Amino acid sequence: MFKRAYIIMTINKKLLATIGLLSAVVFMAMSPDAKPADEPFKNLKVLPKNISKEEMHKTMEEWEHALGARCSFCHVRNEDTKKMDFAADGKPEKEMAREMYKMTQDINKKYFHAQKDSTDRIMESSINCYSCHRGVSHPEVVRASELPRQAPAGQPSWAPGTTPAPGTTPAPAAGATPPAPAPVPEKKP
Ligand code: HEC
Ligand code: HEC
């Protein structure tokens, strides 16, 4: 009884292996040109060549939001087809974005010891586009010391021992909910 069950199991295993092999052959025959599935994009110089469509979408969306810019800030439209040509390098902003991406990776790698992820991409360990851009495409140099003082929530908005600057609201009473920070305006070109 036990022995019979064992034999049936062995046959089943062999059968399964054969079916598995067969379906692999069929699958390969169905997709003679397997490469484009692995590399769906045509003109990548800094992102991993085998980046998935989802990962690419996420990256572009992230850049869009970090810079407060549309796709067309970096990408050109093909005037013949009237469609966006994402692979074309017609705009200097696209090349600048590549440089920025390399810089961001270098900073993370060199100064924050970022590791590579499974796609060989250096991880965003400590900084990303938003760290500098904060929703604007062209960040200006600002002297932080010349800005009006901003206190952390619940703290007086002026340094101890000084008088509040004209026009500033005094700090809320202890226990009161601090007001929500003003939203950062988004600049869309
Ligand atoms: C800040 C600039 C910037 C913005 C904004 C941006 N992209 Fe990109 N995009 C790039 C760069 C740079 C590359 C090339 C990356 C490389 O060389 O590895 C690229 C590549 C692509 C590719 C791959 C094209 C190919 O076949 O090589 C697609 C698709 C794409 N972007 C779509 C979009 C979409 C959709 C949006 C808007 C949601 C968008 N991008 C917004 C800079 C940008
Ligand atoms: C360390 C800070 C920093 C980081 C990180 C950074 N940028 Fe920038 N970026 C700047 C500054 C500053 C400028 C303006 C440069 C100038 O004045 O010439 C700029 C300019 C640009 C421009 C050109 C804008 C224009 O007006 O033509 C693009 C495109 C851009 N960045 C994309 C990116 C992308 C995409 C990332 C993330 C992958 C990124 N940047 C990360 C600081 C940064």
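This passage walks through the fold, the confidence and the ligand surroundings of a predicted model.

Residues are numbered from 1 along each chain as its sequence is written, while chains are lettered from A and ligands numbered from 1 in the order in which they are written. Since the model is predicted, local features need pLDDT of at least 70 and side-chain atom pairs count only at pLDDT 80 or more, whereas totals for chains, interfaces and linings use all residues.

The protein chain contains five helices and two strands; helices (H or I, at least four residues) and strands (E, at least two) are DSSP runs, numbered from the N terminus. Along the sequence these follow the pattern α-α-α-β-β-α-α. Confidence is expressed as pLDDT, the predictor's own score for each residue, from 0 to 100. The chain has a mean pLDDT of 78, and 61% of its residues reach 70 or more. Over residues 25-34 the pLDDT is below 50, and beyond near neighbours in sequence this stretch has one contact in the model; two residues are in contact if their C-beta atoms, placed from the backbone, lie within 7 Å. Where pLDDT is low, the predicted coordinates should not be read in detail.

Burial comes next. A residue is buried if 20 or more other C-beta atoms lie within 10 Å of its own, exposed if 12 or fewer, and partly exposed in between, with C-beta atoms placed from the backbone. Of the 189 residues in the protein chain, 3% count as buried. The largest nonpolar core has five residues, namely Trp63, Leu67, Ala69, Cys74 and Ala97. Such a core is a set of buried Ala, Val, Leu, Ile, Met, Phe, Trp, Tyr and Cys residues joined through C-beta atoms within 7 Å. Leaving aside neighbours within four places in sequence, Trp63 is in contact with Ala97 and Cys129. Among contacts in the protein chain between residues at least 6 apart in sequence, 39% join residues at least 24 apart.

Helix H3 (53-67) has 15 residues and reaches 21 Å from its first C-alpha to its last, close to the 21 Å expected at 1.5 Å a residue. The expected span is 1.5 Å times one less than the number of residues in the helix. After H3 comes Gly68, with a positive phi near 60°. Helix H4 (92-112) has 21 residues and reaches 29 Å between its first and last C-alpha, close to the expected 30 Å. Just after H4, His113 takes a positive phi of about 50°.

Ligand 2 has 16 residues around it, and Met100, Tyr101, Cys129, Cys132 and His138 come nearest. H3, H4 and helix H5 (129-133) are the elements that give two or more residues to this shell. H4 gives the most, with six residues. By class, the shell around ligand 2 has ten nonpolar, five polar and one charged residues.

Asn128 lies in the loop between H4 and H5 and is partly exposed, with 16 other C-beta atoms within 10 Å. Not counting residues up to four places away in sequence, Asn128 touches Ala66 and Thr104. The C-alpha atoms of Asn128 and Glu62, 66 residues apart along the chain, are separated by 9.6 Å. Lys42, in the loop between helix H2 (35-38) and H3, is exposed, with 11 other C-beta atoms within 10 Å. Its C-alpha atom is 6.1 Å from that of Ala87, 45 residues apart along the chain.

Lys82 lies in the loop between strand S1 (76-78) and strand S2 (83-85). The phi of Lys82 is positive, near 60°, in a residue other than glycine, and Lys82 counts as exposed because 7 C-beta neighbours lie inside 10 Å. Arg134, in the segment after H5, also is not a glycine and has a positive phi of about 50°. With 13 C-beta neighbours inside 10 Å, Arg134 counts as partly exposed.

Key. Near = placed C-beta within 6 Å. Nonpolar A, V, L, I, M, F, W, Y, C, P; charged D, E, K, R; others polar.
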